[in-house]
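Please read it alongside the sequence and the model.

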Amino acid sequence: VYWPALLLALGLPLPREIFVHGFFTVNGQKISKSLGNTIDPLALVQRCGSDATRYLLLSQFPFGASGDVQAARFDEQYDAILANTIGNLASRTVTLLQKFSDSKIPKVPPDPRVVARREPRATDAATSASVAPDLDTLVNGPVRLAQELNQYADRAAPWKETDERKRATALRALADGVAALALLAEPVLPKTSAAIQRAFGVQNRQLPASGTPVEPTDPAILFPRV
């Protein structure tokens with residue numbers, strides 16, 4: 001309401017489109033200084049880091065809708081999603097590559113299904129009535145991919161595999177998957193994405209080639225458990 005009115009008063013061009021987020025409540029109550037239920041983003045950044053803060057706030061409910069921020073669940077979400085799902089996947093993949101592939105991307109063909117996941121599947125803006133689905137992809141797409149890769153690692157169990165070719169294939173899929181995850185996560189988790197890309201040798205938004213050296217992420221634990 002106010003922004004277009006100010007632009008009109010100043011004789012400046014009006015925006016062609018405005019995307020407005022919904023109302024936030026905290027634990028079922030309207031945000032109010034008198035209730036003392038405000039969320040201090042700076043305190044949250046100091047405690048969890050800027051990447052985690054961005055994810056925790058954006059993942060509460062579909063962007064564009066009104067919804068409730070369950071601040072009491074931040075620690076649970078942080079540990080379950082960021083530490084145990086994304087952080088653990090990156091560290092376990094590095095460890096497996098160190099142990100079974102001389103800290104290098106195995107020299108086997110990449111899995112085309114993993115290669116296809118390196119970019120978000122954005123909705124066509126020309127046919128979409130809302131950008132909310134695209135934002136949902138940016139926030140939740142990396143998490144879904146990390147969950148799939150953790151499940152794949154448990155099924156393939158390369159640490160148990162005695163066939164070297166099968167083990168190398170599994171390790172290549174995991175390495176490419178983590179690199180693709182880093183590219184997908186860049187808009188919401190930029191620092192985490194940069195750390196993974198450096199560790200896995202991602203350059204020019206391309207997945208690492210066979211034989212690329214892989215090193216531990218810096219920091220080694222991307223999301224220390226709270």
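Of the 226 residues in the chain, 38% are buried, where buried means under 20% relative accessible area, exposed over 50% and partly exposed in between, with a 1.4 Å probe and protein chains only. The model is predicted, so local features need pLDDT of at least 70 and side-chain atom pairs count only at pLDDT 80 or more, while totals for chains, interfaces and linings use all residues. Residues are numbered from 1 along each chain as its sequence is written, and side-chain values use heavy atoms, with hydrogens and water left out.

**Overall architecture**

- The chain holds 8 helices and 3 strands; helices (H or I, at least four residues) and strands (E, at least two) are DSSP runs numbered from the N terminus.
- Read from the N terminus, the order of elements is α-β-β-α-α-β-α-α-α-α-α.
- Along the principal axes, the C-alpha atoms of the chain fill a box of roughly 70 × 40 × 25 Å.
- Among contacts in the chain with a separation of 6 or more, 70% are between residues 24 or more positions apart; a contact means heavy atoms within 4.5 Å.

**The sheet**

- The 3 strands form an open sheet in the order S2-S1-S3, with mixed pairing; two strands pair if DSSP finds at least two bridges between them.
- Strand S2 (29-30) and strand S3 (67-69) are the edge strands, each with a single partner, so one side of each has no neighbour in the sheet.
- Strand S1 (residues 24-26) runs parallel to S3, and 3 bridges join them.
- Phe24 has Gly67 in S3 as its bridge partner.
- In general, strands of a sheet pair through backbone hydrogen bonds, either parallel or antiparallel.

**Helices H2 and H3**

- The axes of H2 (residues 41-48) and H3 (residues 50-58) come within 7 Å and cross at roughly 125 degrees; axes are lines fitted to C-alpha atoms, for helices over the stretch in contact, and angles run from 0 to 180 degrees between N-to-C directions.
- This angle makes H2 oblique to H3, given that angles under 35 degrees count as roughly parallel, over 145 as roughly antiparallel, 65 to 115 as roughly perpendicular and the rest as oblique.
- The crossing of H2 and H3 is right-handed; a crossing is right-handed if the near helix is turned clockwise from the far one by less than a right angle, and left-handed if anticlockwise.
- From H2, Pro41, Leu44, Val45 and Cys48 meet Ser50, Ala52 and Thr53 of H3.
- By class, this contact of H2 with H3 has 5 nonpolar, 2 polar and no charged residues; Ala, Val, Leu, Ile, Met, Phe, Trp, Tyr, Cys and Pro count as nonpolar, Asp, Glu, Lys and Arg as charged, and the others, Gly among them, as polar.

**Helices H7 and H8**

- The axes of H7 and H8 come within 8 Å and cross at roughly 150 degrees, which makes H7 roughly antiparallel to H8.
- The crossing of H7 and H8 is left-handed.
- Val178, Ala182, Leu183 and Ala185 of H7 make the contact with Pro190, Ser193, Ile196 and Gln197 of H8.
- The residues in the contact of H7 with H8 comprise 6 nonpolar, 2 polar and no charged.
- In H8 (residues 190-199), the buried residues are Thr192, Ser193, Ala195, Ile196, Gln197 and Ala199, and they pack against H3, H4 (74-100) and H7 (164-185).

**Leu181**

- Leu181 lies in helix H7 and is buried, with a relative accessible area of 1%.
- Neighbours within four places in sequence aside, Leu181 contacts Ile86, Leu89, Pro142, Leu145 and Ala146.

**Backbone features**

- Most residues other than glycine have a negative phi, and most peptide bonds are trans.
- Ser103, in the loop between H4 and H5 (112-115), has a positive phi near 60 degrees and is partly exposed, with a relative accessible area of 22%.
- Ala157, in the loop between H6 (132-156) and H7, has a positive phi of about 45 degrees and is buried at a relative accessible area of 9%.
- Asp218 and Pro219 are joined by a cis peptide bond with omega of about 10 degrees; Pro219 is found in the segment after H8.
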